[in-house]
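Thanks for coming. I have one structure to go through today, and I will take it piece by piece. Please have the sequence and the model open while I talk.

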Amino acid sequence: MGKGGSAKQQVNEYNVSIHFGVCAESDAITGIYVGEKLAWSGRLTSEGAISVQNEYLFGGPKKEGGVRGIAYYLPGSRTQVLPTGLAARRGLTSSTSPAYRGLSSIYFVGSMAPGLGFYWGATPYLQSVWITKERAPKGLDPAYAMIGNQVAGSFDGYTATIAGATATLTDGVLGNVGTHSASVSVSNTTGVETIVLDGTTVQIQPYVTDDDGDERPGLTIVIEGQEVDASATNRATVGGITVTVNGFNAGTRTWNVLITMGSPDGTDANPAHIVYECLTNGSWGMGATNALVDQANMETVGQVLYHEGFGMSLQWTRESAIEQFVGEVLDHIQAALYVDPDTGKLTLKLFRDDYNPTTLPLISPDNAVLDNFQRKLWGETVNEIIVTWTNPANEQEETVTQQDLGNITVQAATVSDSRNYYGLRNADLATRCAIRDVRQSSAPLASVDALLDRTQWNLKPGSVVRLTWPEYDIVNLVMRVVNIDYGKIGSPSITVSLLEDIFSLESAAFDSSPTTGFTSGAQPPTPMDHVRVITSPAYFASRFLSSADAAMLTYPDVLAAVLGATSNPDASFYETVGVTTLPNGTQAAEVRSTHGLLGYATLTTALVEEAFTTIPAFAPSTPGIGPNVAGFVFIGDVTERTMEIALIESFDENGWRLARGVLDTVPRAWPAGTGIWFYDIRNTFIDDERQSDGEAVNFKFLTVTSLGVLDVSAAPIQGATLTGRPYYPNRPANVAIAGQAFGTVDLSMTAPATVNITWANRNRTLEDGAVLRWTDATVTPEAGQTTTIKLTKTNDGSVITTIDGLTGTSYDLAATAFGSEFQADVTITAKRDGYESLMGVTRRVRIKPDPANPGSDPGTPTTPTDPGGYTPPETYPDPQEPPRYCVEETARVLLASPNRRSQGATILARDLEPGMWVWTRAEDGGWGAFEVTAVELVEEPVLRAAGYPRATKDHRFWTGAGWTTMGELGREDGHAIVAKIAVRDARTYVTVQSDGTLVLSHNIKQNQFEY
């Protein structure tokens, strides 16, 4: 268990039970927000308890707390009663407590039984509470009550399937398919197929019409009179209707068509249904009966709005008149509500392009007298409309803007007006309304008052007529009835106000006004995706703790460090939550500390073992700390006993210079793509709870973004077993074996009696300020600190020899320490008081030739089996982009014998080093020993071919056909670490396959070595 390092912070909890009334009877609750933060989301459609468990909503116990308890949803049904537990909190029973029928409410409690109240946080003030609910309008067909209850109709010839019901239709005859109506008809002459689904007309035309009016092969989809060239996609969308053509049946000459209407969301109400319920609801509406409201008309209008995808979500409060609320709905959808003189019922009329101009009633001098005819001037028009709508994601108002470019050109200015359509919760619909309104406001429309005779008795608000008036040179001007006065009984005339109808004009070009280009980067919190928990090295622990705390830190106390990064671009920091197991087996979590993010990236190139490395550039890192001079790089997403720490020394035009293997780590070879973390000592990555050596610790990490804190239940547990790392002596540095600092040490050619090993001592207690580099001079070690040399077998790791208690900085290792082994892995570590350094420096040392492949007698040089005759080329071209002549690092290269007079052992290509000698056939055809001048490991795409080592595409092997590239022999086989090898004079080397076959390779030229 953690021991803690300082006094515990006092945490308060504020609990209280509250019963909130929300609205009239509702259908579902979908969200609970506390303090404008989402505490719960889902969809509950009946009375019931909602478990709200988000104790970190406001930062957790050490900050402003969170929420915890039960939110009991009461929808307000007619049979509703208060549950026993809630009623008991008032000292009542379910039968004596108010039931709140007709009122949707929510009761926040700690539990259903009387007791502790709902937990609202760690501060003494109550956060604001928002509830999101759904309520569909009642009274009309529920299938169309919510925009988003998507209707999908599949038509395979005359077979129609709609909402799970299937029927076979007769050509041109309207039939029923379940609760829906549909028809299919096909023209025998044109091949045009016409489909009607619930009053919506779709045509499939097997041609397209070009600008000259000529028909050519293609596919045109016509939706409610609007043509779309669907030749490329077989799909068209108009408004809320999407038509997809999936194929043609030559036998029946019909198409396979899918028609979808509306949106699958179902979150917005049908405006016609809203108006109907406002008129007829007896509890809060106007209480009109069907004798006063034309229900069939409302149903028809509702279907039109449904197919348009015109949904609204808005609330009405009793403070405003119901008539005003209905008027706002009509303003959104552009409609008129009036008493039809034919039926005496309230009727709804949409202003739409739903008429034939040639059949409209005619108003002329024969039946009318005009008064006050006028047409707007251009200066009286508006060419920009800004529509305000409500974004359901955050319940905030947003705007869309549309402009009439032609009008702007005429006026040489932008004239703007605004509309507040707060009931719209869809950006596309808001844009459609903005286009609709700017089209009307930007046109210089004509208007007139007219006195009509009784032949026009059938005109109604919203009716469309033709006006012909020779005096004004007007012929068939299409106008819409805006207002109408039928006069008193016995009056011979009707008074109307007419406005030129916008649908009679050609559509203008509209364009959105320029935007700021701003896009919100807000992202919900997501689990950390690059995390590694390690024991803090002594260097970082000493800098984290105060002098007093550092003095109190004694074995086995250690601190955990977190290498934490996330690819979430909106993340700013994270909270560490300690997870402990209680005696009853349950897990408890507590917020421990807050940390900044570390940047995480990958190596763009492979790293070799060396004291200093210059990296031209790092791959882009995740949000957080990036590379900084004097900062650190943690290399390798591996355990702490393998991970390397590097210090960023400097940055210049050549890149980032790293001091490798600092503190208690050693330089290692790393392939490209290795994960790395960047850390800056000005930040903290240490958990402030003290732990113990050998203790298994578990954490959860809660990412914080602009949208909140990751829920603790969504965070995976990240754990590690800590070590006594800060107490271990630092490993020796600057180790050299036989004068060689890195790589395999091959002494088999000389077979020395002793091997000299040198090193530099390090002292963890002195290294708390400036960081020592690998090659820095030795320092005075800790009291009692010694050096250990251990030899292990290369095949199974078993110990051959251990030499302990060494002081000083060098030792001559006897060849007899290798026992019967021709080579061994030599590891140099530091020890003190029974502790051994976290890491050691390991080098493979070959002390004598491999007995399994000892080579020939020095006096009788031999030649391996010739791979085949060849004539060396006279010249080798130097291409502008040097080819990659590389074999995989695991290929075994044939060495020369120690006396260089015959073939010797083999060595892995990755262990080959400059200065070694290989046995190969030179370009002049003669066999011999030749010196390796350069070796470099890189990652490249490779190919595979039977009988050859894996190699790069341009690598050349000698075959019966001469020099042949791997690209000609093999097939692609991924990426691998490969060795670039240069051999002096010979310009070749031999690799040995597992069956002993010799393969001659051409090496890379020295002048092509760098690329």
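A residue is called buried when its relative accessible area is under 20%, exposed when that area is over 50%, and partly exposed in between. With that cut-off, take L451: its relative accessibility is 39%, so L451 counts as partly exposed. Bear in mind throughout that this is a predicted model.

Let me stay with L451 for a moment. This residue sits in strand 31, which covers residues 446-453. What does L451 touch, leaving aside residues up to four places away in sequence? The list is N367, A368 and V369, together with S493, I494 and T495.

Now the chain as a whole. The chain has 1011 residues, and 48% of them are buried. Its secondary structure comes to nine helices and 69 strands. If you take contacts between residues at least 6 apart in sequence, 65% of those join residues at least 24 apart.

Next, the helices. Two packed helices are described by the angle between their axes and the distance between the axes.

Helix 2 spans residues 271-280 and helix 4 spans residues 322-333; their axes come within 10 Å and cross at roughly 165°. Angles over 145 degrees count as roughly antiparallel, so helix 2 is roughly antiparallel to helix 4. The crossing of helix 2 past helix 4 is left-handed. On the helix 2 side the contact is made by P271, I274, V275 and C278, and on the helix 4 side by I322, F325, V326, V329, L330 and I333. Sorted by class, this contact has 10 nonpolar residues, no polar ones and no charged ones.

The other partner is helix 3, residues 295-308. Here the axes of helix 2 and helix 3 come within 7 Å and cross at roughly 150°. That again makes helix 2 roughly antiparallel to its partner, helix 3. From helix 2, the residues in contact are P271, A272, H273, V275, Y276 and L279; from helix 3, they are Q295, M298, V301, G302 and L305. What classes do the residues in the contact of helix 2 with helix 3 fall into? Eight are nonpolar, three are polar and none is charged.

Last topic, the aromatic rings. Rings pair if their centres lie within 6.5 Å, and by this rule there are 28 aromatic pairs. In one of them, F118 and W120 have ring centres 4.6 Å apart and planes at 55°, so the pair is tilted. F118 and W120 are both buried.

In another pair, Y555 and Y727, the ring centres are 5.3 Å apart and the planes are at 85°, so the pair is edge-to-face. This pair links distant parts of the chain, 172 residues apart: Y555 is in the loop between helix 8 (547-552) and strand 37 (557-558), and Y727 is in the loop between strand 50 (718-721) and strand 51 (733-737). Y555 is partly exposed, with a relative accessible area of 40%, whereas Y727 is buried at 10% relative accessibility.

Finally, ring pairs join Y539, F540, F632, F634, Y679 and F685 into a cluster.

How values were computed: Residues numbered from 1 in each chain as written. Predicted model: local features only at pLDDT ≥ 70, side-chain atom pairs only at ≥ 80, totals over all residues. Heavy atoms only, no water. Phe/Tyr/Trp six-rings, centres within 6.5 Å; stacked < 30°, edge-to-face > 60°. Buried < 20%, exposed > 50% of the residue type's maximum accessible area, 1.4 Å probe, protein only. Helix = DSSP H or I, 4+ residues; strand = E, 2+ residues; numbered from the N terminus. Axes fitted to C-alpha atoms, helices over the stretch in contact; angles between N-to-C directions. Parallel < 35°, antiparallel > 145°, perpendicular 65-115°, else oblique. Left-handed = near helix turned anticlockwise from the far one by under 90°. Contact = heavy atoms within 4.5 Å. Nonpolar A, V, L, I, M, F, W, Y, C, P; charged D, E, K, R; others polar.
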